[in-house]
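Biologist: Can you walk me through this one? I would like to start with the ring pairs.

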Amino acid sequence: MILLFSAAAGQSPQNQSRGEEWVRREEMIKTQLIARGITSARVLEAFQKVPRHRFVPDPYRRYAYADQPLPIGEGQTISQPYIVAYMTEILDIKPGEKVLEIGTGSGYQAAILSEMEALVYSVEINPVLSEMARKALAGTGYENLRLKTGDGYQGWPEHAPYDAVLVTCSPSAIPGPLKEQLAEGGRMIIPVGKQYTIQYLVLLEKKNGKIRQKNVLPVRFVPMVNEKGKNY
Ligand code: SAH
């Protein structure tokens, strides 16, 4: 099922009162992001605005600004803030660009991309999480994004090509359809590696129809699975 929102980009509709959570985000940005070398003002601003605690389910909400991934149900996790920032920064997203995310999960990364004023398309294979993300995103007022429940290995061909592709689950090799759906000049960041082995975030760039890629950071993500639950 495709959940369609309107396309008004570039707003920060959620409650921006500078209360306790705002201060916790300032602290998170200083100690977890800036301290580790995140410099993009646009990325840091997005982290200040998005209410991360609203994307974390109740028992873990009090840890929402901690320096770690957290369970979001269905055996899945919301990534550590630094990893979300790193992946967002390296894609160098400009306003109005089309971005495909694979693995909506909590919806937090999608909200960050929305704050970057991208047109966000996000695919999640797990219907329970997809529905939770839809509610969290609607509840915080994010509108310049579209969600789809389905197997992201296939990308989302109807809206291709994408200026950026961000994958938050790990296949053992880079899916061909995602490479094909990358626009000329497009960038992709994706964790690649078999489960229980070292995975690397791989950065790909398509220039003159050719793809160049390099490993940029060792990471650990949940596996990319197909609809039968088998790892890619
Ligand atoms: N970006 C998320 C992180 C989610 S964890 C956030 O900000 O919270 C990775 C997600 O990828 C999980 O929700 C998992 O269900 C999903 N996933 C795994 N395989 C997938 C596939 N083939 N297509 C789409 N989503 C997939």
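This is a predicted model: local features need pLDDT of at least 70, side-chain atom pairs count only at pLDDT 80 or more; totals for chains, interfaces and linings use all residues.

Biologist: How many aromatic pairs are in the whole structure?

Modeller: Six. Rings of Phe, Tyr and Trp (its six-membered ring) pair if their centres lie within 6.5 Å; planes under 30 degrees apart count as stacked, over 60 as edge-to-face and the rest as tilted. One of the pairs is Phe55 with Tyr108, edge-to-face because the planes are at 65 degrees, with centres 6.0 Å apart.

Biologist: Is Phe55 buried or exposed?

Modeller: Phe55 is buried, at 4% relative accessible area; buried means under 20%, exposed over 50%, partly exposed in between (1.4 Å probe, protein chains only). Tyr108 is buried too, at 1%.

Biologist: What sits over the ring of Tyr108?

Modeller: The charged end of Arg52, 4.9 Å from the ring centre. That term needs NZ of Lys or CZ of Arg within 6 Å of the ring centre and within 35 degrees of the ring normal.

Biologist: New topic. Which side chain makes a polar contact with Glu97?

Modeller: The side chain of Arg187, at 2.8 Å. A polar contact is a pair of N or O atoms within 3.5 Å; within protein, one must be able to donate a hydrogen and the other to accept it, and residues adjacent in sequence count only if both atoms are side-chain atoms. Glu97 is buried, at 12%.

Conventions: Residues are numbered from 1 along each chain as its sequence is written. Side-chain values use heavy atoms; hydrogens and water are left out.
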